[in-house]
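Please take me through this structure in the viewer, stop by stop, telling me what to select next and what is to be found there.

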Amino acid sequence: LILDPDRFVQLGRLGILSATGRCLAFGADADGTVLGEGAGAVVLRPLEEALRRGDRIYGVIKGTGISTRSGTVGFTAPNPQAQADAIRRSVRSAGVDPRTISYVETHGTGTALGDPIEVRGLTLAYGNPDLWDAQLQVEHRCTLGSIKPNIGHLEAGAGILGLIKVLLQLQRGLLLPSVTSDQPNPQIPFDQIPFAVQRTLAPWQRPVVTKDGAAVEVPRRAGLSSFGV
């Protein structure tokens, strides 16, 4: 809950809030974020216990990583190398080839500075051949989304809402469109990287890779990023 108007004043002075009142993550017209209020909750259990209990399982968290490194370029953006390192740790602990991750729910605040740095961190991590499975041949394509244009930036609650969005998309087998500008942020070289913003409602297809000369379907896999200050 936002109970103190000074919060808006502070964030406005830092240039974080959108002057238009619209959050357009990864878009050319992105000029800041919009605050929202809300909360979310999930139940976490070890997979074996959930299976034994007969729980409804929405997803399996295979790996996590965290970065607290300094050296950021400003209050509104992380250190891209530190972010890439955190993603690498997540992927290593998950034991999956990052090229088989077909969707990332990003922090996606819609700031002109933060969005390109977030994509830079993803590109550095996912494009690291040390994390690839040498037995797989993969044409890596991954879409990006952000819930913030829909509900605002819930600050401390932002990450859990992103997780819930990912789980519901897994359950339904659908990818939701991410609200953004007609034109992408010119600071993000989308034509040179394996990432694109999810712009339409579409079936979440399971990626197909080649292993030992045979086509193999892999599970739907997602990444989730959330930044704090």
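Two strands are said to pair when DSSP finds at least two bridges between them, and that meaning of pairing will be needed at the second stop. Keep in mind throughout that this is a predicted model.

Along the principal axes, the C-alpha trace spans about 55 × 45 × 35 Å, and 43% of the 229 residues count as buried.

Next, select residues 136-137, 208-211 and 214-217, which are the strands β2, β7 and β8. They form an open sheet in the order β2-β7-β8, with antiparallel pairing, and β2 and β8 are its edge strands, each pairing on one side only. Between β2 and β7 there are two bridges, and if you zoom in there you will find Gln137 opposite Thr210 of β7.

Now turn to the second largest pocket, which holds about 460 Å³ of space. Of the 19 residues that line this pocket, select Val43, Leu44, Ile57, Tyr58 and Gly59, which lie nearest its centre. If you colour the lining by class, 15 residues are nonpolar, one is polar and three are charged.

Methods. Residues numbered from 1 in each chain as written. Predicted model: local features only at pLDDT ≥ 70, side-chain atom pairs only at ≥ 80, totals over all residues. Heavy atoms only, no water. 1 Å grid on protein atoms, 1.4 Å probe; cavity = no way out; pocket = protein on both sides within 12 Å on 5 of 7 lines; lining within 4 Å. Points joined across faces, edges and corners; volume = space filled by probe spheres on them. Nonpolar A, V, L, I, M, F, W, Y, C, P; charged D, E, K, R; others polar. Helix = DSSP H or I, 4+ residues; strand = E, 2+ residues; numbered from the N terminus. Buried < 20%, exposed > 50% of the residue type's maximum accessible area, 1.4 Å probe, protein only.
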